[in-house]
Amino acid sequence: MPAGHCSQICFALSALLSPALCAAVDDPASRLPAEAPFVGLLLPLNAPEFFRASEAVRLGCQAALAFLDKRPPLQVVRTDAQASSIIAEYEAAVQRGAAVMVGPLTRSGVTALATAGHITVVTLALNGADGDSPLPPRLYTFGLSAESEARTVARTAFGRGLRESVVVEASSLLAKRVARAFADEWFSLGGRISDVREFGPRGDLVDMRRGLADSQAQLIFLAAEADQARTVRPYLNNQIPVFATSQINDGKSDPLTNGDLNGIRFVDMPWLVQPDHAAVMVYPRLEGLSTELQRFYALGIDSCRIAGQLLAGQQTINLDGVTGKISYRGGSSLQREPIQAVFREGVGVSLESAK
């Protein structure tokens, strides 16, 4: 990697801790007129609540483009989280000559852009849109959807010959969406769900343990974040395999903290659970980032690798990415296949590494 580029990434990493500094020192590429078709990176960098995630995506994108043989120009397009700002900055970037747009990052931003319908260049949104309406032509989605991971878990478990499941879900809205995605895919495959258990701060976990003690289910799908999973796992039937999404992996590697998670199967990105993966080892690792921001950094890498292929006129996408295997099979969404992982000695690792 060129020394100057590494310095830029290191400076931007320090700026993650100081949003005001980063707002004052903008990416120079975003201020220069493009001399060639460029990639526009549309991020809510002016929205404090999304600044850190956006900055991690930006750093990942820059890291990805630095390794392309023909590095396309990049313009970072700053917005706030308001629909009017997102649409206005999108249209302005297209007018300046953007050949491919990457973004918006938020679900509300993608929904606003899709509803506006002014998609005149190929656009890779980094989230899904609300509702079931078809997306406009040239608008594609790619992201880190937990619901998509839940569907992957269902297909994996069914492919192993498992047919009867219990669903255990936290009381949060996200957990319910993840559980529903698993159930929809599981039913579509022909699987059965014999019991659904919800738990929360006021839930009776002892009653859950009694209810699951005699279960004949072949797996438990656990829709919960890491802290919630640590709380509920001791009350699950330990004779039944537990499957989950990357929600349960918060990056903590303390064997005592994560002791109750040992043995849980889940899906996650190679960037976090398989550091010796060939695609992962190519890119610089920013150790100062939290696990959540590492996910966004990895999203930036893969999304801008995809953008580079789109800019080169590729009609099909097949990438061995840092977030998983990425493919495009038609429609409006790119597919991301995360890898299989498991907790061993309190650490989430790929199944391949755990052998």
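Predicted model: local features only at pLDDT ≥ 70, side-chain atom pairs only at ≥ 80, totals over all residues.

1. Let's start with the five-stranded sheet. It is open, its strand order is β2-β1-β3-β4-β5, and the pairing is parallel. The edges are taken by β2 (74-78) and β5 (139-141); each has a single partner strand, so one side of each has no neighbour in the sheet. On average, neighbouring strands here are turned by 25° against each other, ignoring direction.

2. Inside that sheet, have a look at β1 (residues 38-43) and β3 (residues 98-102), which run parallel and are joined by four bridges.

3. Helix α4 (residues 83-96) lies across β1, β2, β3 and β4 (122-125), and runs at about 150° to β3.

4. Now the helix pair. Helix α3 (residues 51-66) packs with helix α12 (residues 291-311) at an angle of about 40°, and their axes are 6 Å apart. Angles under 35 degrees would count as roughly parallel, so at this value α3 is oblique to α12. The crossing of α3 past α12 is right-handed.

5. Who meets whom there? On the α3 side the contact includes A53, A56, V57, G60 and A64, and on the α12 side F296, Y297, G300, I301 and C304 are among the residues involved. Sorted by type, the residues of the contact of α3 with α12 are 14 nonpolar, two polar and two charged.

6. On to the seven-stranded sheet, which is also open but has mixed pairing; its order is β7-β6-β8-β9-β10-β14-β15. β7 (192-199) and β15 (347-350) are the edge strands, each pairing on one side only. Neighbouring strands are turned by 30° against each other on average, direction ignored.

7. How do β10 and β14 pair, parallel or antiparallel? Strand β10 (residues 265-268) goes antiparallel with strand β14 (residues 339-344), over four bridges. Within this pair, D268 stands opposite I339 in β14.

8. Last, the helix on that sheet: α6 (residues 146-159) packs on it and touches β8 (219-223), β9 (242-244), β10 and β14. The direction of α6 makes about 130° with that of β10.

Methods:
Residues numbered from 1 in each chain as written. Heavy atoms only, no water. Pairing = 2+ DSSP bridges. Helix = DSSP H or I, 4+ residues; strand = E, 2+ residues; numbered from the N terminus. Axes fitted to C-alpha atoms, helices over the stretch in contact; angles between N-to-C directions. Contact = heavy atoms within 4.5 Å. Parallel < 35°, antiparallel > 145°, perpendicular 65-115°, else oblique. Left-handed = near helix turned anticlockwise from the far one by under 90°. Nonpolar A, V, L, I, M, F, W, Y, C, P; charged D, E, K, R; others polar.
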